[in-house]
Amino acid sequence: MPLGTALLLAGCAALRDAPRLSYQCPNDLRFEVRLYEDMAMVEGQRGFARLQRQPDGPNGVLRYRDETLLAEFGLGLNGRLAALHYANIPEPVTCERVPARDEALGAAAVPVRAAPRAGPTVPPPPPDPNAPVRTNIRFGDTSVGPG
């Protein structure tokens, strides 16, 4: 009986969250996304975005949007591409899915599809207030360059 309970709990934990999909874009930009039935959580080098689900595109392409970004997942051969349409950039940024470590070892690829549950309602933690901030303010008698 305890073994069955442990397996059941492990199965529930596996269904709890959407798989994390990694993408690589031009200029060595990377991001990770979790796709849900109502939203997508995108985490990149510049922070995160919470995108609302839109009606699916042709051939079952998953679409998510906020006021600055429309993201489409499941494009191209085997659904490995994503297109990011930014409001202030005229052309979309096309990114390719990076295989997970277990996929590189021969495991089956996780399909690009929305998890059959709503996304998390708890907001992500706020940024660290003690993190260093890069500025152009200089102190002391150091040279600031020619001019």
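**View 1. The chain from end to end.** From the N terminus on, the elements run α-β-β-β-β-β-β-β-β-α. That makes two helices and eight strands, where helices (H or I, at least four residues) and strands (E, at least two) are DSSP runs, numbered from the N terminus. The model is predicted, so to speak of local features takes a pLDDT of at least 70, side-chain atom pairs count only at pLDDT 80 or more, and totals for chains, interfaces and linings use all residues. Residues are numbered from 1 along each chain as its sequence is written, and side-chain values use heavy atoms, with hydrogens and water left out. Of the 147 residues in the chain, 23% are buried; buried means under 20% relative accessible area, exposed over 50%, and partly exposed in between (1.4 Å probe, protein chains only).

**View 2. The barrel.** Eight strands close up into a barrel, in the order 1-2-3-4-5-6-7-8, with antiparallel pairing. Two strands pair if DSSP finds at least two bridges between them. Strand 6 (residues 69-75) and strand 7 (residues 81-86), for instance, are joined by six bridges. Look there for glutamate 72, which stands opposite alanine 83 in strand 7.

**View 3. Strand 1 and its two partners.** Strand 1 pairs with strand 2 in the antiparallel sense over five bridges, and three bridges join strand 1 to strand 8, also antiparallel.

**View 4. The disulfide.** Searching the whole structure turns up one disulfide, that is, a pair of cysteine sulfur atoms within 2.5 Å. Cysteine 25 and cysteine 95 form it, with their sulfur atoms 2.0 Å apart. The pair links distant parts of the chain: cysteine 25 sits in strand 1 (residues 21-25) and cysteine 95 in strand 8 (residues 93-98), 70 residues apart. The torsion about the S-S bond is about 100 degrees, so this disulfide is right-handed. Cysteine 25 counts as buried at 9% relative accessibility, and cysteine 95 is buried too, at 1%.

**View 5. The nonpolar cores.** A nonpolar core is a set of buried Ala, Val, Leu, Ile, Met, Phe, Trp, Tyr and Cys residues joined through side-chain atoms within 4.5 Å. The largest has 18 residues, and Tyr23, Phe31, Val33, Leu35, Leu51, Tyr64 and Phe73 have the most contacts inside it. A second, separate core of five residues includes Ala18, Tyr36, Met41 and Ala115. Leucine 35 touches a list of residues that includes Ala18, Leu62, Phe73 and Val112, not counting residues up to four places away in sequence; contact means heavy atoms within 4.5 Å.

**View 6. Arginine 34.** Is this residue buried or exposed? Arginine 34 is found in strand 2 (residues 29-35), and it is buried, with a relative accessible area of 17%. Leaving aside neighbours within four places in sequence, arginine 34 is in contact with Asp17, Ala18, Pro19, Arg20, Met39, Ala40 and Met41.
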